[in-house]
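This report goes through selected local features of the structure shown below.

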Amino acid sequence: MDKFTVHTGTAVPLRRSNVDTDQIIPAVYLKRVTKTGFADGLFNAWRADPDFVLNNPAYSGASVLIAGPEFGTGSSREHAVWALRDWGFRAVISPRFGDIFRGNALKDGLLPVELEQPAVEALWDAVEADPTLAVTVDLEAREVRAGANVWAFPLDDFSRWRLLEGLDDISLTLRHEAAVTAFEERRPQWKPAVI
Amino acid sequence: MLGEAPRTLSEKVWDAHVVRSAEGEPDLLYIDLHLLHEVTSPQAFDGLRMAGRQVRRPDLTLATEDHNTPTDNLITIADPISRTQIETLRKNCAEFGVRLHSLGHAQQGIVHVIGPQLGVTQPGMTIVCGDSHTATHGAFGSIAFGIGTSEVEHVLATQTLPQHKPKTMAVNVTGELPAGVTAKDLILALIAKLGTGGGRGHIVEYRGPAIEKLSMEGRMTISNMSIEWGAKAGLIAPDETTFAYLKGREYAPKGDDWDRAVEYWRSLRTDEGATFDTEVTIDASSITPFVTWGTNPGQGVPLDAVVPDPESFEADVERTAARKALEYMDLKPGTALRDIGVDVVFLGSCTNGRIEDLRAAAEVLRGRKVADGVRMMVVPGSAAVRAAAEEEGLHEVFTAAGAEWRFAGCSMCLGMNPDTLKPGQRSASTSNRNFEGRQGRGGRTHLVSPPVAAATAITGRLAAPADLS
């Protein structure tokens with residue numbers, strides 16, 4: 001996984017709540033068997049509208065997405081995270097995330113940043129007033145900085161450490177393989193097996 | 001060892017699966033059953049190959065084909081990209097020794113329908129799948145939740161998953177559901193009450209007399225939609241209904257093992273005096289047939305109501321969401337739900353594609369006709385559900401009414417296979433999501449129960465069976 005320490009970039013204001021993963025990437029784009037090449041599917045239906053914010057050249061090259069609450073609800077498709085990464089995003093700021101999306105993002109080096117609604121609204125206003133405003137997402141300090149403003153965001157120590165180090169979960173778990181084997185020896189033998 | 005403190009059902013199941021626990025780290029949970037399908041697994045198998053890893057427990061892994069499969073035949077997958085994805089699953093399962101129920105197999109079907117029907121979904125298990133509706137299996141008293149593809153790879157490689165322990169929530173459903181009101185109406189009403197983020201960070205236990213009275217099919221409908229209000233998982237305590245459903249199924253324990261298993265399953269009920277981090281109560285007796293008007297499952301009202309005025313919502317963010325939803329749905333505030341005409345009725349999905357759902361709809365359709373200009377698709381949740389329905393003659397009821405009797409799959413629930421709405425078409429759908437474009441780009445979805453779906457097909461407008469003379 002890519003490391004995430006401190007990222008500074010411009011930001012896109014997405015003034016919508018309940019941005020579900022079907023909006024982030026519609027199911028027709030999920031037929032591919034690769035992990036890359038999903039940028040063309042990102043917000044595909046909304047991008048058909050010339051007024052959609054991602055079509056605004058002022059926000060081209062932005063790497064931080066600022067959205068309303070319940071971002072990434074719905075389907076478990078990790079393709080939503082891959083599509084955001086492929087487009088160039090490194091962080092999404094929202095008051096609340098869907099659980100599965102949040103977990104997926106943490107696995108793929110896309111930082112889900114939870115800020116309260118007033119902070120999100122302040123950021124929306126700021127980046128609409130000045131699309132070139134630099135927004136810094138600092139995982140070391142667990143804070144977002146933009147202009148003169150600083151907002152702290154929560155993230156558990158373990159997830160933060162994994163991202164800072166760019167660690168892969170499977171390798172971490174395999175360090176405890178003996179414990180897994182010991183657990184398997186204790187499992188009731190009547191539990192179902194399909195082979 | 002754990003002390004004598006009273007525990008909830010989900011705490012007992014969680015504790016029984018902790019492989020390793022360390023301060024400041026997520027618990028490492030053992031996974032009893034890993035279900036796979038073609039959409040969210042190919043990149044996980046690629047990951048295994050790149051790292052030179054094997055599937056640790058093929059015997060605890062079961063794959064099926066459901067999302068991309070056609071429902072008009074069992075042989076030809078016309079879309080070459082869909083076909084490649086299915087073929088990739090077949091190759092992966094052959095290479096890694098995973099059991100696969102392919103298109104045409106007697107036990108093929110939607111992943112969340114086949115687990116329970118095989119009896120491989122049992123109480124007290126941990127069950128995961130790269131699909132958010134994995135919560136369905138919680139109806140048996142298992143911790144079941146959807147995962148992403150990175151986690152699919154993790155489970156394939158290790159049969160475990162690191163997980164932070166969620167908070168616990170009790171949903172107390174008091175009273176009894178009135179006649180003609182289904183589990184689907186109950187869960188839609190609950191989501192409308194609590195919102196799409198209401199369950200976030202919690203494992204939920206649905207409890208109370210109205211839940212205990214539900215069949216396993218009804219319970220699965222409830223647990224299935226846990227994710228739609230943000231819950232990690234939604235459990236229902238195993239009881240005699242659960243045991244009766246499981247007994248004799250292919251993978252259910254047999255003989256002495258059955259007795260041992262039932263004894264253990266009985267011990268899983270939430271202890272007297274156990275506390276939940278959060279409790280909510282909903283009165284089942286006040287619920288009437290419920291439908292959605294908007295573009296998230298929380299935007300629902302009783303069928304008797306009218307389309308709400310966005311300005312009536314308190315929070316700015318909800319007002320904006322309602323305005324956008326009505327624009328997308330092409331609806332005006334104040335319109336009676338019963339005045340909304342539909343083009344398509346979809347009966348099926350992991351929410352309402354089981355035999356009891358088909359029976360409920362057939363009962364309404366028997367001797368009646370689908371309205372002119374309305375297309376009704378009946379898509380069994382699995383090949384076995386299809387066979388059972390044909391055994392009972394339900395298919396004849398559907399076809400005599402003018403509905404399409406199709407093969408098993410996810411079908412029009414998600415707009416990934418040939419079964420989709422055309423832009424501007426409106427559906428009454430027994431599925432689980434009314435998101436923009438969910439059933440096909442530009443399609444407009446109203447979520448409903450199977451009896452409401454059937455009555456709507458007959459009148460051509462959103463309707464309940466009681467509206468039919």
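## End of helix α14 in chain B

Gly393(B) follows α14(B) and has a positive phi, near 80°. The model is a predicted one, and the values below are computed from it.

## Buried side of α14(B)

Helix α14 of chain B spans residues 383-392, and its buried residues are Val385(B), Arg386(B) and Ala389(B). The three cover an arc of only 100° around the axis, so they lie on the same side of α14(B).

## Packing of α13(B) against α16(B)

The crossing of α13(B) and α16(B) is right-handed.

On the α13(B) side, the contact is made by Asp357(B), Ala360(B), Ala361(B), Val364(B) and Leu365(B). From α16(B), the residues that take part are Pro450(B), Pro451(B), Ala454(B), Ala455(B) and Ile458(B).

## Sheet in chain A

In chain A, four strands make up an open sheet with parallel pairing, in the order β2-β3-β4-β5. The edges are taken by β2 (11-14) and β5 of chain A; each has a single partner strand, so one side of each lacks a neighbour in the sheet. From one strand to the next, the twist averages 20°.

The partner of β5(A) is strand β4 of chain A, residues 91-94, and the two pair in the parallel sense over four bridges. Within this pair, Ile93(A) stands opposite Val113(A) of β5(A).

Glu114(A) belongs to strand β5 of chain A, which covers residues 111-114. Is Glu114(A) buried or exposed? Its relative accessible area is 18%. Buried means under 20%, so Glu114(A) counts as buried.

Beyond its neighbours within four places in sequence, Glu114(A) is in contact with Ser94(A), Pro95(A), Phe97(A), Arg102(A), Phe153(A) and Pro154(A), and also with Arg200(B). With Arg200(B) there is a polar contact between the side chains, at 3.1 Å.

Notes:
Residues numbered from 1 in each chain as written. Chains lettered and ligands numbered in written order. Predicted model: local features only at pLDDT ≥ 70, side-chain atom pairs only at ≥ 80, totals over all residues. Heavy atoms only, no water. Buried < 20%, exposed > 50% of the residue type's maximum accessible area, 1.4 Å probe, protein only. Polar contact = N/O pair within 3.5 Å; in protein donor to acceptor, adjacent residues only side chain to side chain. Contact = heavy atoms within 4.5 Å. Pairing = 2+ DSSP bridges. Axes fitted to C-alpha atoms, helices over the stretch in contact; angles between N-to-C directions. Arc of directions from axis to C-beta. Left-handed = near helix turned anticlockwise from the far one by under 90°.
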